[in-house]
Amino acid sequence: MPAPDSASKIPVTVLTGYLGAGKTTLLNRILSEPHGKKFAVIVNEFGEIGIDNDLVVNADEEVFEMNNGCICCTVRGDLVRIIDGLMRRKGKFDAIIVETTGLADPAPVAQTFFMDEAVGAKTKLDAVVTVADAKWLADRLKDAPEAKNQIAFADVILVNKTDLVTPEELGALEARIRGLNPYARLHRTQRAKIDINEVLGRNAFDLDRILDIEPSFLDSDEHHHDHGHGHHHHGNGLKHYHDEEMQSVSIKTDKPLNPDKFFPWIQDLVAKDGPNILRCKGILSFKDDAERFVFQGVHMILDGDHQRPWRADEKRDSRIVFIGRNLSEEKIRQGFESCIA
Amino acid sequence: MSDTPARIPSLADRARRIDVGAPIVGLHFLGGTAVFVLGEEELLFVSEAEHRVPAHAGAILASASDGTRIITGGDDGMVGETSPDGEHRILATDEKKRWIDNVAMGPDDAIAWSAGKTAYVRTKKGELRTFEAASTVAGLCFLPKGFRLAIAHYNGASLWFPNAAGAQPERLEWKGSHLGITVSPDGKFLVTTMQEPTLHGWRLVDAKHMRMSGYSARVRSLSWSADGEFLATSGSEQLILWPFDGKDGPMGRQPTILARAESRVVVVACHPRQPVVAVGYADGAVRLVRVEDDALILAREADGQPVSALGWNETGQTLAFGTESGDARVLAL
């Protein structure tokens, strides 16, 4: 697909988080910082947001099934309409922020940018940012599937209200989050205080930005000086909390793959297990192919392309990662390994 | 560009050009005046001279015209009316300042609009009727006969008699998100555009379904031919015409495919008298296509600006078109 110039597309950041976690606080912080940017903000309730320079649009969060027999292919119908309307005012804002309700599943929002050609031509999904309540998230992960979805789906997670928990509680919570999603950037915050560059302009869905797929550890995060003593999980010593239902599966091989085997396999996998796969990502080395192939996906939607030539000093490993529920690691591993050329 | 005709006759350099400096989202003719609807705030009147009429305090989201006036809906929550001499007045204001997503004009000077899930009809006498849909109203159009409004929404369409107090609207069911809506000039068929690249249709006498698919993109532009015998549609790298000449419409029949190109058709407008269709493409080209033999005339050269508005005057002697980047042109034939 000849992608229209990605730089000219308006970036869209999706803010999720369970009720009371601090989404609106983060949103107000983003809007009120002196960054000189203008935003169009799509919210579910007017009220606590009142920034004169920005466009605020009320949304109804209508999740529509696509008529293709696939139950996980859903879009936010209201977003299709609102973005079409907003683009008439192109030039009046630099970016769009979508705040979802506390009970929302981020997938339909994300899928809207891949399923609707008109939306995808004008805007690009930048990242899904999830705000988590340090005190209550552990409870919500037990009783609210929405909260688990929001953590597993996220590209950036703010563990907010860290002042309300002990360092031990915080460490346990972060291990729990890592068990669900080892790849998101994780930040500790109080009153959602964060450098907005950690939240906006992440390019998390941009194929060109898939550099490496390594778990993101806390010690790579320099933005929690208030908890300088709290680094008790270092590097490989991270204690994984294995969620019984939601997990990530990561598989690597140093042998080149056969594209004629790989593409049918992955398409079949997401066609069958798509409802259970929240996110996937991969960097692939195909036999007799001088270029890296990268892909990413949301449920059944896959987006992939050649990215750039492999560098001489680079190890030509192929690596794929899935985050989802009830995934069979063994089945995925066998399938992936059967694609080796 | 191997697919496109090597040399087709061109009228492109005969068009009058106006650099609008703002995206063009709609086009109507009021008598001999071409009126371009801009993405924000204004209507641009182009006759001998040009002048701009302020209509909304923000984006203009929808517009409709019957040739005597233009109705617009904006993100300022206003429904406005603009007359041929450029007089503008507010017809309605949404009490919650919601976006006016759709407008339509009907018989007896009635108008309709929608905001969120609510559809409104205002009769000539100024009486207001409302209808609450189960989901956001995505499209509106009046039926050609009787005082009846067709409403597109999630999982189908509703047919509503605004003057029949208390009567339940007739529901036409089909799973999925229905966006645009149109009724054939003879009132026999209703067609919706869907979120998927497909159309859905119903024969109104028996609600029999028609599926029209094969598009490469969501269909965003529909136009009925002057005789009502076919429906011209965008959404593919060719002009797709569905036959509606028999009692079964397109059921079990193939569409006519004309004006093939490498670029996608984004706007279509049938000539008001002749079997000719003006076709606007995503690459900026506008071509006139004769239905009978696929003969083409170029009206605007491809320059990369997607065509966003296209229309004929009442007699079909003038064609006007505009682009997303604000290039407006009027071509007298």
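**A look at chains A and B**

Asn155(B) is found in strand E14 of chain B, which covers residues 149–160. In this predicted model, the backbone at Asn155(B) has a positive phi of about 65°, even though the residue is not a glycine.

Glu41(B) lies in strand E4 of chain B, residues 40–46, and is not a glycine, yet has a positive phi of about 70°. Glu41(B) is partly exposed too, its relative accessible area being 35%.

Thr192(B) belongs to strand E16 of chain B, which runs over residues 189–194. Its relative accessibility is 0%, so Thr192(B) counts as buried. Which residues does Thr192(B) touch, once its neighbours within four places in sequence are left aside? The contacts are with Ala152(B), His178(B), Gly180(B), Ile181(B), Thr198(B), Leu199(B), His200(B) and Trp202(B). As for Leu241(B), that residue is 49 residues away from Thr192(B) along the chain, and the two C-alpha atoms are separated by 15 Å.

Further along chain B there is an open sheet of 4 strands, put together in the order E19-E20-E21-E22 with antiparallel pairing. Which strands stand at the edges? Those places go to E19 (222–224) and E22 (256–258) of chain B; each has a single partner strand, so one side of each has no neighbour in the sheet. On average, and with direction ignored, neighbouring strands of this sheet are turned by 25° against each other. For E19(B), the pairing with strand E20 of chain B (residues 230–233) is antiparallel and spans 3 bridges. One residue pair can be named here: Leu222(B) has Thr233(B) in E20(B) as its bridge partner.

Over in chain A, the focus is on a pair of helices. Helix H3 of chain A (residues 106–115) and helix H6 of chain A (residues 145–153) pack at about 40°, and their axes lie 9 Å apart. That angle makes H3(A) oblique to H6(A), because angles under 35 degrees count as roughly parallel and 65 to 115 as roughly perpendicular. On the H3(A) side, the contact is made by Pro106(A), Ala107(A) and Ala110(A), while H6(A) brings in Asn149(A), Gln150(A) and Phe153(A).

H6(A) itself is mostly covered, with 7 of its 9 residues buried. The buried set includes Asn149(A), Gln150(A) and Phe153(A), along with Ala147(A), Lys148(A), Ile151(A) and Ala152(A).

How confident is the predictor about chain A? The mean pLDDT of chain A is 86, and 87% of its residues reach 70 or more. Over residues 218–239 of chain A, the pLDDT is below 50. That stretch still has 33 contacts in the model beyond near neighbours in sequence.

Methods. Residues numbered from 1 in each chain as written. Chains lettered and ligands numbered in written order. Predicted model: local features only at pLDDT ≥ 70, side-chain atom pairs only at ≥ 80, totals over all residues. Heavy atoms only, no water. Axes fitted to C-alpha atoms, helices over the stretch in contact; angles between N-to-C directions. Helix = DSSP H or I, 4+ residues; strand = E, 2+ residues; numbered from the N terminus. Parallel < 35°, antiparallel > 145°, perpendicular 65-115°, else oblique. Contact = heavy atoms within 4.5 Å. pLDDT = per-residue confidence, 0-100. Pairing = 2+ DSSP bridges. Buried < 20%, exposed > 50% of the residue type's maximum accessible area, 1.4 Å probe, protein only.
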